Amino acid sequence: MLDFIIRRLIAIIPVLTVVAVFVFLMLRLTPGDPAAVIAGDNATSDQIADIRTKLGLDEPIWTQFVIWISNILQGNFGESFFFKKTVAELIAQRVEPTLALAICTLVIAVTVAVPMGVLAAYRHGSLLDRIVMGFSVLGFSVPVFVIGYCLIYVFAIELGWLPVQGYIRIGVSFWGFLERMILPSITLAVIFVALIARMTRASVLEVLNEDYIRTARAKGLSNRVELMRHALRNAAVPILTVIGLGIAGLIGGAVVTESVYGLPGLGRLTVEAVLSRDFPTIQTVILLFSVVYVVINLLIDISYTLFDPRIRY
Amino acid sequence: MPEAKRPVLEVRNLSVTLPTGADRVHAVEKVSFTVAPGEIVCLVGESGSGKSVIAFTIMGLLAKALKPSSGEILLEGENILAADESRLRELRCTRMSMIFQEPMTALNPVMTCGLQIDEVLATHTKLDAAQRKAKIIAILDRVKLPEPERIYASYPHQLSGGQRQRIMIAMALVLDPVLLIADEPTTALDVTTQAEILKLIAELQEGQGTGVLFITHDFGVVAEIAHRVAVLRWGELVEMGPTEKILSRPEHAYTKMLISSVPSIHPAHRGVRKDGPTVLRTEKLGKTYSGNAFFQKARVVKAAVDVDLDIRRGETLGIVGESGSGKSTVARCIARLIDPTDGKIFLGDTEIATMSAGKLRPHRRRVQIVFQDPYRSMNPRITVGDSIIEGPMNFGLKRDEAMARARKLMETVRLDPNSLDRYPHQFSGGQRQRICIARALAMEPELLIADEAVSALDVSVQKQVLELLDEIRVRLNLAVLFITHDLRVAAQICDYVAVMSKGHVVEYGSAEQVFGAPKDDYTKALFAAAPGRNWEFGKFATA
């Protein structure tokens, strides 16, 4: 087990190296000059050249890369071109809304989708099953922002139950935080509910055909015990895998959701940084996302062992 | 009838309807029989005979598509066909229990064995945790599992197949039901394990006076365990009577045919060794699997060690052994489906054990395999004709020439050449296995490997395929390597036999010598465990 974890953690290094090189090159090769963006519309070419020298953008690409990497290895993520703060500070400020959104989304998605999938599998072929499957196709196909605006229109504007936009820190007012978290989380959760419900249904359906389910029935157990104790736990591994993969989609979804609901999170920060060619910020955010993704999938792999004693690392 | 002799199970005129569109209307039609206390009744039949359907109907575990349409099932006088789901739930495991064919999959892999038995007690009794635990340990002891405490805490995958089946038996019998239904409980087990499990079931049921409905396709098992036998065909009960009578004086033509199809355990006399050229010779062939771990010591499994074999043209060499003995590993090494790690393989004069994939390709044609499961060894999306000609066309034959060859081969395996444009699912299991044989022969191989090629087939079909294989061997003067776990089959088809155990060949000689006077202790134990070994199944005229 320890062997496995160490191996997986070591494997993060090449992944991050590739991500770093890729991100760095992509940004440098795309047209657009951060110095020009910072200097504004009325700047002279001298002023732009000045800024460029100050930011180190006139060095050759590989020198820039070496400087950047060695700074990162020392824990220095650089200073944002645009926000005039260190990137570390910037991320620290923006991380809470995104983290809160991600956690709320996952909690909603799992608590709604898993029972939905189990019921659909158990009542395989019934009306309920068809409704769940229909919802899941719809959930996949409707874009996040459409769901967002629909929810805002119904619950914030027409009914007036919840605020339209904005964010209040959990430390400031828990109720205010919750009120503003509900709609964004539901918006983002829809696609995950669709994904996880579908996977749960397929996985439970497969398990229900297994011999040990027949054994459970032959023992005279009730349907509930058969379903929850015998079927669901055996179906857990594929469901967990999908949740792990879904984390990647969560990051993309957060960008849109945060823009729709005006949440000052990492997703919005990414958008702003990209629009202003703020290289250090973009690079760091992407690296951060990669680390989170790899670590979460490691945790998912480890959690398999909790559900299936046959899996040993 | 005295009270003690009232049957525990009485099935009267039971019919079960198949869904519309099936090949017949009833899965089971007007079947009646009884099981008395302390009696073992065997339901025998080939696949599709409806024997499992009867078992599942009694337990109330039928698939939704199947509906009992008439009749009664009386469990100690109570008609359980009319019982609702909650009553059935009460009866399951308390009055009637069932054990299944596949101990590997019948237990929940993510729960400890102890807890799985505990569920039964927690559901059906008011015992507290400590009493339940004590009762479970006691039953684990009764089914002769070593170290009951350790077994209690083990997960199924940590136990062997035989041990898992003991867990199933413990689970079924922990509440002393009056009826035990055993659905092919030993079919998936090795022969030595099978003998132990059969003995255990007989002992336990005799001690408790349990009535047993034992479902099997194997007449060896019937001879071993049954008091009475019921023979089923296409859902109808064709004949029923005491074991001795059914096996030695069957009346119905179908029963006669079935019993005549059981291969004898005494080898057929095959004459003296012919002086053909050696087609295949292995020299100290070995295969070692080793896993590699980063920090831990690598795990090494020796699947085959120092295997020396040779087969001459026109001869059949059998490799017999239990699962994990390495018999299939050897076959796969010889066909180079896997790469051997030690030793040499001579195909004629060519050494192929270490040959590179590119150089090996022209020699691939010379060795062909027929696999065990005819349902999975054919690509379901291409026609059988295309399956057969694919190989020869890879080796340069033109399509129409290959097709002509395929037509001829279909005749050889006694199938209609005009059915080449059909798909595998349109054929029965036995027909598919014939097609697999034709596919192998289309390459005009020098060596034909049959890897458990008749194990998945019903006994009557098995007999035909065995006869076909032997006929082809004689006609084409082929060398055949026949891998099987079934001693009866080996006795009938092999000139020479190699007995394998734990990767080693423990005994090797002519079939007559190995079967007639086994020298090795393992071989002796293997033969002693063969079910029905003391019973010579008669050959009846079935006209």
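Here are some friendly notes on this predicted model, chain by chain.

1. **Ground rules.** In this predicted model, local features need pLDDT of at least 70 and side-chain atom pairs count only at pLDDT 80 or more, while totals for chains, interfaces and linings use all residues. Residues are numbered from 1 along each chain as its sequence is written, and chains are lettered from A and ligands numbered from 1 in the order in which they are written.

2. **Chain A overall.** Chain A has 12 helices and 0 strands, where helices (H or I, at least four residues) and strands (E, at least two) are DSSP runs numbered from the N terminus. Its C-alpha atoms fill a box of roughly 85 × 55 × 35 Å along the principal axes. Of the 313 residues in chain A, 32% are buried; a residue is buried if 20 or more other C-beta atoms lie within 10 Å of its own, exposed if 12 or fewer, and partly exposed in between, with C-beta atoms placed from the backbone. Among contacts in chain A with a separation of 6 or more, 71% come from residues 24 or more positions apart. Contact here requires that the C-beta atoms of two residues, placed from the backbone, lie within 7 Å.

3. **A helix pair in chain A.** Helix α10 (residues 223–261) of chain A packs against helix α11 (residues 266–275) of chain A at an angle of about 90°, with the axes 7 Å apart. Axes are lines fitted to C-alpha atoms, for helices over the stretch in contact, and angles run from 0 to 180 degrees between N-to-C directions. The two helices α10(A) and α11(A) are therefore roughly perpendicular, a label for angles of 65 to 115 degrees (under 35 is roughly parallel, over 145 roughly antiparallel, and the rest oblique). From α10(A), the contact uses Ala254(A), Val255(A), Thr257(A), Glu258(A) and Ser259(A); from α11(A), it uses Gly267(A), Arg268(A), Thr270(A) and Val271(A). By type, the residues of this contact are 3 nonpolar, 4 polar and 2 charged. In that scheme Ala, Val, Leu, Ile, Met, Phe, Trp, Tyr, Cys and Pro count as nonpolar, Asp, Glu, Lys and Arg as charged, and the others, Gly among them, as polar.

4. **Where the chains meet.** On chain A, 19 residues are in contact with 25 residues of chain B. The elements of chain A that give two or more residues to this side are α1 (2–29), α9 (211–218) and α10. Helix α9(A) gives the most, with 6 residues. The side of chain A that touches chain B comprises 5 nonpolar, 4 polar and 10 charged residues.

5. **The sheet in chain B.** Here 6 strands form an open, mixed sheet in the order β16-β17-β18-β13-β19-β20 (chain B). Strands pair if DSSP finds at least two bridges between them. The edge strands, each pairing on one side only, are β16 (367–370) and β20 (504–510) of chain B. Neighbouring strands are turned by 20° against each other on average, direction ignored.

6. **Two ends of that sheet.** Strands β16(B) and β17(B) run parallel and are joined by 4 bridges; Ile369(B) has Ile449(B) of β17(B) as its bridge partner. Both faces of β16(B) are covered, with Val367(B) and Ile369(B) buried on one side and Gln368(B) and Val370(B) buried on the other. Strand β19 (residues 496–501) of chain B runs antiparallel to β20(B), with 6 bridges between them. There, Val497(B) is partnered by Gly509(B) of β20(B).

7. **Helices on the sheet.** Helix α12 (residues 327–334) of chain B lies across β13 (316–320), β16, β17 (447–451), β18 and β19 of chain B, at about 150° to β18(B). Helix α20 (residues 521–529) of chain B also packs on the sheet, touching β19 and β20 of chain B, with its direction at about 100° to that of β19(B).

8. The 18 residues of helix α17 (residues 459–476) of chain B should span 26 Å at 1.5 Å a residue, and the end C-alpha atoms are 25 Å apart, which agrees; the expected span is 1.5 Å times one less than the number of residues. Buried residues of α17(B) include Val465(B), Leu466(B) and Leu469(B). Just after α17(B), Asn477(B) takes a positive phi of about 55°. Asn477(B) is partly exposed, with 15 C-beta neighbours inside 10 Å. Asp306(B), not a glycine, has a positive phi of about 45°, and lies in strand β12 (residues 300–312) of chain B. Most residues other than glycine have a negative phi.
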